[in-house]
Amino acid sequence: MVTIIGVRFRKAGKVYYFSPANYEVKKGQHVIVETARGVEFGQVVMNPKQVTDDEIVQPLKAVIRVATPEDYKIEEKNREKEKEAFQICLEKIHKHQLQMKLVDTEYTFDNNKILFYFTADGRIDFRELVKDLASVFKTRIELRQIGVRDETKLLGGIGICGRPLCCSTFLTEFAPVSIKMAKEQNLSLNPTKISGVCGRLMCCLKNEEEAYEELNSKLPNVGDAVETSDGLKGEVQSISVLKQMVRVVVTLDNDEREVKDYPVSELKFKPRRRRDRQASEKEMKELRELEKLEKQDEKKSKLD
């Protein structure tokens, strides 16, 4: 068994495991650790716990020290330097006339490297830009192209629900989202209504996908013929997925028709394959384009 702690380096970022060494650390504290990028300042988000050796990736690096008041001052100074570096990089991009959008700048804690995050429609030849920046900052320079989802995660914002964006508050990784999820949840297939601030399909479509798949598997389709528990036959007019209720147009003994609501457990019907909801040709074209763009974003560099 190995004792580990979970450390995060940016808000809603991935959690990395480190050994607490001989330090007594707890959730909420800040620590100095060594990463692949160099010495970093991170926040402990998981209290020490024991795990088996196969649950971690070796070698497990140890905490260098618990952050001191001096470390906090260095971190605050780095945040100020990032703002200055951002402005300088903008000027250099304009000078070299590059078609790229600078999103964020990040200094490593030991100032060993500066990372510049940007978005662009295609590949950018930024070799001359890197040389120019290196001559100004006298340190290692890394330009990292990210997708629009990562850009939104960095910048933050408010979603159409009125709450802070999921990606910038608690989502550590992006899950693939598809049109099928919107169809399964009986949502509008208008791209403008199921797209997030980033312009891609909303991440929250993934949240309830499994629940809707299970609930829908127990329901008939609209238009299906059903037999009710009181011996009547009818046709499904509408369904309520979450309530598991079905509205049926039943035929009475005198051939009159009446609309009644039934729990799905009181109906008999032949399970059928779910029918895909249809969208206009224009909407489907836009939705397919969204999915294509999302796959392209996945191939680009992800945030640490």
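I began with helix α3, where R149, D150, E151, T152, K153 and L154 are buried (under 20% relative accessible area with a 1.4 Å probe, protein chains only). The helix spans residues 148-155 and is mostly covered, with six of its eight residues buried. Helices here are DSSP runs of H or I, at least four residues long, and strands are E runs of at least two, numbered from the N terminus. Just after α3, I noted that G156 takes a positive phi of about 75°.

I recorded that the model is predicted, so that local features need pLDDT of at least 70 and side-chain atom pairs pLDDT 80 or more, while totals for chains, interfaces and linings use all residues. Residues are numbered from 1 along each chain as its sequence is written, and side-chain values use heavy atoms, without hydrogens and water.

I next looked up disulfides, pairs of cysteine sulfur atoms within 2.5 Å. The count comes to zero. The sulfur of C203 has its closest cysteine sulfur in C167, at 6.1 Å, which is too far for a bond. C89 is buried, with a relative accessible area of 1%.

I then turned to the lining of the largest pocket; lining residues have an atom within 4 Å of a point on a 1 Å grid. Of its 27 residues, the closest to the centre are F9, R10, K11, E75 and R79. β4 (38-51), α1 (69-96), β6 (101-107) and α3 each supply at least two lining residues. The largest share, six residues, comes from α1.

Notes:
Buried means under 20% relative accessible area, exposed over 50%, partly exposed in between (1.4 Å probe, protein chains only). On a 1 Å grid over the protein atoms alone, a cavity is a set of points where a 1.4 Å probe fits but cannot get out, and a pocket is an open set with protein on both sides within 12 Å along at least five of seven lines; lining residues have an atom within 4 Å of a point.
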